[in-house]
Amino acid sequence: MSPPDSPRGDFPIAKDDPAAGHQHAAGKTFGRSVKRLEDHALLTGTARFVDDIQAPGMLHAAFVRSSHAHAAIRGIDTAAAAAAPGVHAVFTLEDLRPYLATTDLVTALPSPSFRMSLHRPVLAHTEAAYVGEAIAVVIAEDRYLAEDAAALVEVDADPLPVVGDCRTALDEGAPTVHSSAPHNLVAEFDLSYGDVDAAFDAAPHVFGESLAQHRGGSHSIECRGVVARYEPLDDVLTVWSSTQTPLPARQILCDLLGRGPDQVRVVVPDVGGGFGPKLVFYPEEAVTAVAALILRRPVKWIEDRREHFTATTQERDQIWDVEIAVDDEARILGVRGTLLHDHGAYNVRGTNVPYGAAAAMTLAYRVPVYRLDIKCVATNRVPVTPVRGAGQPQGVFAMERLLDRVARELRLDRAEVRRRNLVPAELMPYPTPMKTRGGMQVVLDSGDYPRCQAMALERAGWASFAGRQAVARAQGKRLGIGVANSVEGTGRGPYEQIKVHVGTTGAIHVYSAAAAMGQSTRTMLAQVVAEQLGGDMDNIMVVAGDSANGTLGFGGFNSRQAVMAGSSAHKAALEVRRQVLEVAATVMQLPVADLDIEGREVVAKNAQARRTLAELARAAAGMPGFLMPGPGPAMQAMEHVVINDMAYGNATAVAEVEVDAETGEVKLRNIVFSHDCGRVIHPKVVEGQLLGGIAHGVGNALFEKMAFDENGQPLTTNLAEYLLVTATEMPPIALAHMESPTPLNALGIKGVGEAGVLPMAAAIASAVEHALEDCGVRITQVPISPVELLAAIEAARQ
């Protein structure tokens, strides 16, 4: 293996190590880094994002947004805006109400833990609950005119008391986020199993930590956007949206507008990143669609970056008070604590972020008893929904901080403490007492977590680091190294339907409502299908993210597309393969066993006979008065594989840092990341997903913070104030991969899109603390800012 400073992109797979699990040879396309179908359009500038969509007569929307974090709306004067040049309409909720079956967006996943309903209105009309909430919309000839006119809309608003901090939102006498709400408790629940109190009472060692965790927004390179066009001839409303979930978006539009699914079409064009917030439905999508219906003109709205900061959902603050009980050998006896979760002003996606955090906390380790009490608290801030990882990085951070505390208190190596507690390979599949939010038992399906950690430690030079650290200290440099493990539930079910069809040109068409957002969904589906149908990637035409293609599903989130859509594509491809060979056997008068599909032809294995897929597709259609050569008039299949259990991938991150104790600056020197996502479909795509997630995790650890003042006013509303990691901050990254195929699907695959982010903040925090261990500095919050770190160093010195 290469040394820890190997260049970014090194991607060894532990194929010769029996501990790494059974390995599969690469096929025609599966397991190979084939050319991505998406790349040509992206590299030549011919990709079509939502802002590239043009239509004759198109109008443009600009929204009037609340400048108050909390205010009563007494009136909205639109007269001046309506009279402005180029303006076609100005709409408030009262103007839209006659066209809506309901004025609420009901998008939260159901949960018995809810203590009140906080559905978003299509437009705020009596009360605004956060800065950036949409109140009205201006429709004009172009965006410039619309923006100018929006500034003329006068909103008569009386400021109301603001709930700006989830830590005080539940205090007696605290103001409420909504004047009609009885309190600020959105939801309350616990994840627990076993007799926790008894385990802690009997434990020889109990250690606790109070942690403050913050995550920011998604900040995909492309913000949100929507184009809507109504075609009166067909009575069809078509909406192009940069959404991750086209079919749920269609259903919400149908519910809002009182239209049937055949009257609404949602299409996902190329999407410049999703990362979570684009999975939910927004007021802007509803308003733009209604405006197109009312005006009988196409309408476009494209979010600008400031709007993305103030109107797109984000993750934010979580406050953890947690304890761990261990025996004299540092083996875990139990974990317990509380989690306070900033939910924002509305309940947009339900409790999945705090639930994900609580569920991920203990997954990598054997934890006999566990209880985490969780409260989701409303604040007058942007609503919270998943960002890459959906709460799981926070749960990992809490657990890993506790394990570092155990190592420090018991004077043990941090990696050794983890090794003693990781779920071992011989116990796989490992049933835990935990349940998913849908009530299914959490069963860790496959993996070798200790081996994964050992690979990362070896690659990072963990055993020899003390020597390197001592040499650096003699030179006046403070180096530290940290480790963290994570286990991620991927492939959330229950299904994602796929249709595969061989056309009369011989081209193979793959249809899916699965949304592509930069994670190579089209390439993945083509690889899976091509493996069974000739291996010619250029002959696979994938149409994804279009509600009109007749397939059913849920969209892209929770690292699920490869597992769910890929499994259905595999099943559909196998069925179409059977049909193709059956037709070919009849046409060629040869046994099916003597035939195979190569490229765009069916060939006889031991003869010169061959037929093209085009010839066979036309033959399959039949002729009047003649016998059918196959089971039906087309070689096609629509399949959906139902998988209720999640496939659990795992990872170990080792981070090496240098800390400047005089300035508080943290410089990353090296990152080693070992990972197991089951069978690998496309090694380069997996590599890219991991590197992107690692960068996102670095941002969470050191840079990204969505700040607000005490009045709920956002303080970081541009990319100069809100810090994103760039190439200059990224160190060399060494990747190592294991393959432990999951038994849950025929392909043996697990998701990988969020894996890189989960352990990074924890590993970096561990490394920073290690670099400052002689100072007694403890890292209890992220992001780790230079100002706050320097203050901690100075406080420790006193």
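A search of the whole structure finds 50 salt bridges, a salt bridge being a side-chain nitrogen of Lys or Arg within 4 Å of a carboxyl oxygen of Asp or Glu. The structure is a predicted model, in which local features need pLDDT of at least 70 and side-chain atom pairs count only at pLDDT 80 or more, while totals for chains, interfaces and linings use all residues. Residues are numbered from 1 along each chain as its sequence is written, and side-chain values use heavy atoms, with hydrogens and water left out.

**Salt bridges**

- Arg401 forms a salt bridge with Asp404, with 2.6 Å between the closest N and O atoms.
- Both residues lie in helix H10 (residues 392-410), three residues apart, about one turn of the helix; helices (H or I, at least four residues) and strands (E, at least two) are DSSP runs, numbered from the N terminus.
- Asp404 also meets Arg418 in a salt bridge (2.9 Å, N to O).
- This pair links distant parts of the chain, with Asp404 in helix H10 and Arg418 in helix H11 (residues 414-421), 14 residues apart.
- Arg401 is buried at a relative accessible area of 3%, Asp404 is buried at 4%, and Arg418 is buried at 0%; buried means under 20% relative accessible area, exposed over 50%, and partly exposed in between (1.4 Å probe, protein chains only).
- A network of salt bridges links Glu209, Glu400, Arg401, Asp404, Arg405, Arg408, Glu409, Arg418 and Glu769.
- Elsewhere, the side chains of Arg610 and Glu601 meet in a salt bridge (2.6 Å, N to O). Arg610 is partly exposed, with a relative accessible area of 40%, and Glu601 is partly exposed at 25%.

**Domains 2 and 4**

- The protein is divided into four parts by an automatic or database domain assignment; among them are domain 2 (55-160 + 222-272 + 278-311) and domain 4 (444-490 + 645-797).
- The C-alpha centres of domain 2 and domain 4 lie 38 Å apart.
- Eight residues of domain 2 are in contact with 10 residues of domain 4, contact meaning heavy atoms within 4.5 Å.
- About 620 Å² is buried between domain 2 and domain 4, with carbon and sulfur atoms giving 67% of this area; buried area is the accessible area (1.4 Å probe) that two parts lose on being put together, summed over both.
- Between these two domains there are zero salt bridges.

**Strand S28 and its partners**

- In strand S28 (residues 647-659), 12 of the 13 residues are buried.
- S28 pairs with strand S20 (residues 478-490) in the antiparallel sense over 13 bridges, where pairing requires that DSSP finds at least two bridges between two strands. Ala484 stands opposite Ala653 of S28.
- S28 also pairs with strand S29 (residues 666-676) in the antiparallel sense, over 10 bridges. Here Glu656 has Asn670 in S29 as its bridge partner.
- Six residues lie between the strands in the hairpin of S28 and S29, where Gly664 takes a positive phi near 80°.

**Ile324**

- Ile324 is found in strand S15 (residues 317-326) and is buried, with a relative accessible area of 0%.
- Ile324 and Gly208 are 116 residues apart in sequence, yet their C-alpha atoms are 6.4 Å apart in space.
- Not counting residues up to four places away in sequence, Ile324 touches residues including Phe200, Phe207, Val335 and Leu403.
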